Amino acid sequence: MEIEPDAREGSPLEPLIAIEHVTYGYEDRPVIEDVSLDIVREDFILVIGPNGGGKTTLLKAILGIVAPWSGQIRFHGDIGGRLGYVPQFTHFNRNFPISVFDMVLTGCLNATNYLRRHAPEHFEKTGAILEKLDIYGLQRENITDLSGGQLQRVLIARALVSDPLVLFLDEPTTAMDATSQTGLLDLLAGLQTEMSIVVVTHDPTPYAQAYRHIACLNSRLYYHGRGELDSLTLERVYGCPVEILGHGIPHTLLSGHGETEKRP
Amino acid sequence: MNTILSYEFMQNAILTGIMASIICGLIGPFIVTRRMVFISGGLSHTAFGGLGIAYWLGIHPLIGATAFVLIAAILLGRMEEKKMNRNDLFIGILWAVGVAIGIVFINLTPGYAPDLMTFLFGNILTVSRTDVYITLLLVLIVASALLFFYKGFVAIALDEEYAMARRFPVASLKMGLMILTALSIITLIQAVGILLVIALLTIPVAVASELSLNFRRILFLSILCGIVLCLSGLLISYFAELPSGASIILVGGLLLGTVKGAKRALVKRKAP
């Protein structure tokens, strides 16, 4: 994403997060290599790629969960503290005995306030977010008793309660039936005016109408604007022929690509 | 009843039992939800090495045990920080080497080590007033640290990665929890002995988890359950002249079985 020289403060093109040549791996094997990506205001980035391609690792690097071997991640202003994260179910302790309300309430905490008592507005905000996501009635339920779709909403609520500027979701539709998927997409569409959204998924189909940029990650990153993606690139990323079917726009998604397919 | 309460050894035993219960109720739920039970077993057994060296040097055994367990906890914490995958291997080795050091040094010590069995199997009835004061100090340290950093410890027990994304000092919190676990184990060794510490860290939590699905309530119920176990085990030990540590644990096993059984019966009656 090029920044216009005259980009003003608050312009949609101003990068909130600039990921520059990031490499990271486990043991001595790099999982992501030389990945560069800008996340701008009101962006909706879809990061797709095969399992093991480094999608979750990229998120962890951006969120500060792992420290890159090389390269850097620059945050615009104080945005480093305003990242929302919706992890996969397998990445947290689902058996922890906690109610929906208390789980979402933990989203208000950060390094600077966790030693103090919860401020009154934490409780108000938690209630409001539960209401907004239609899970107010579940607030006393234990998280172990929730369905996949309900738990997903709780995790989104936890991320939203801290007023993030960028919301990261890791495979959010995996555990969902069709109805919950539609609900999630409506929700994300509504959030898009308030924050940038980054979705990591192996199945881009549900987001065909929502995304603005798409990044194909298989160790290296192949970055595209809307309408630049074709099946050849996908084939290179996944290592086998892939077909994308978008709801409503079956083939416009797959327009031709020229020299632009790999971003610096 | 009044007469047995007037014995100083009985007062010491009751005080130690209550303090041990507070400790296991506060730290046990964190150990269980963070899957640190095996780590706790390893730490408790390394205490034996410290005991052996303390006997050999002629200093108070608890000092040796505390030093050893703390060093082991810091080593384990460092390993976890470096994300070494062979953690359980190292715990197993620490466990055995700790015991071996203890055996060697006790063997080197001239004369007979009378309290040895006490430390292995625990005898809450022989706890001295000095031990009570040492335990009280440890309880105050562990309880105040746990309560002060409570939300931080909950955050890493619930979702460590999220806590990192929120910039919590996760590495320090993990190390802190490890050190508090070590100090708790020292306290519990007094009551039930090295071999049975794990039981006191797990059984009250298991009983409490059957009764509630709220973490805070589980902490509270675990303390209560621990007090019931320690006091009833103590009475059985006194009247039936059975070892106190084993009595406490067996009462615990029985209580857990009863609670689980009663719960199952209730569920069956509700949905025939």
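Predicted model: local features only at pLDDT ≥ 70, side-chain atom pairs only at ≥ 80, totals over all residues.

Student: In S2(A), which residue is the bridge partner of Ala18(A)?
Tutor: Residues are numbered from 1 along each chain as its sequence is written, while chains are lettered from A and ligands numbered from 1 in the order in which they are written. In S2(A), Ile19(A) has Leu37(A) as its bridge partner. For Ala18(A), the partner in S2(A) is Asp38(A).

Student: How many bridges join S1 to S2 in chain A?
Tutor: Strands here are DSSP runs of E with at least two residues, helices are runs of H or I with at least four, and both are numbered from the N terminus. Two strands pair if DSSP finds at least two bridges between them. S1 (residues 15-26) and S2 (residues 29-40) of chain A run antiparallel, and the number of bridges joining them is eight.

Student: What phi does Glu27(A) take in the hairpin?
Tutor: The hairpin of S1(A) and S2(A) has two residues between the strands. Glu27(A) has a positive phi there, near 55 degrees.

Student: Which strands of chain A stand at the edges of the sheet?
Tutor: The open sheet has three strands in the order S2-S1-S4 (chain A), with antiparallel pairing. Two of them have a single partner strand each, so one side of each is left without a neighbour in the sheet. Those edge strands are S2 and S4 (70-75) of chain A.

Student: And how many degrees does the twist average from one strand to the next?
Tutor: Angles run from 0 to 180 degrees between N-to-C directions, and axes are lines fitted to C-alpha atoms, for helices over the stretch in contact. From strand to strand, the twist averages 15 degrees.

Student: At about what angle to S1(A) does helix H1 of chain A run?
Tutor: H1 (residues 55-63) of chain A lies across S1, S2 and S4 of that chain. Its angle to S1(A) is about 120 degrees.

Student: What packs against the buried residues of H4(A)?
Tutor: A residue is buried if 20 or more other C-beta atoms lie within 10 Å of its own, exposed if 12 or fewer, and partly exposed in between, with C-beta atoms placed from the backbone. By that rule H4(A) is mostly covered, with 10 of its 13 residues buried, including Leu151(A), Val154(A) and Ile156(A). Packing against them in chain A are S5 (83-86), H2 (100-105), H3 (120-132) and S6 (166-170).

Student: Is Asn93(A) buried or partly exposed?
Tutor: Asn93(A) is found in the loop between S5 and H2 of chain A. It has 16 other C-beta atoms within 10 Å, so it counts as partly exposed.

Student: Which residues is Asn93(A) in contact with, leaving aside its neighbours within four places in sequence?
Tutor: Contact means that two C-beta atoms, placed from the backbone, lie within 7 Å. With those neighbours set aside, the contacts of Asn93(A) are Thr33(B), Ala157(B), Leu158(B) and Asp159(B).

Student: Which residues does Ile39(B) contact, its neighbours within four places in sequence left aside?
Tutor: Ile248(B) is 209 residues away along the chain, and its C-alpha is separated from that of Ile39(B) by 22 Å. The contacts of Ile39(B) are Leu76(B) and Ile91(B).

Student: What ipTM does the predictor give the complex?
Tutor: Chain B has a mean pLDDT of 89, with 96% of its residues at 70 or more. For the complex, the pTM is 0.85 and the ipTM is 0.84.

Technical notes:
pLDDT = per-residue confidence, 0-100.
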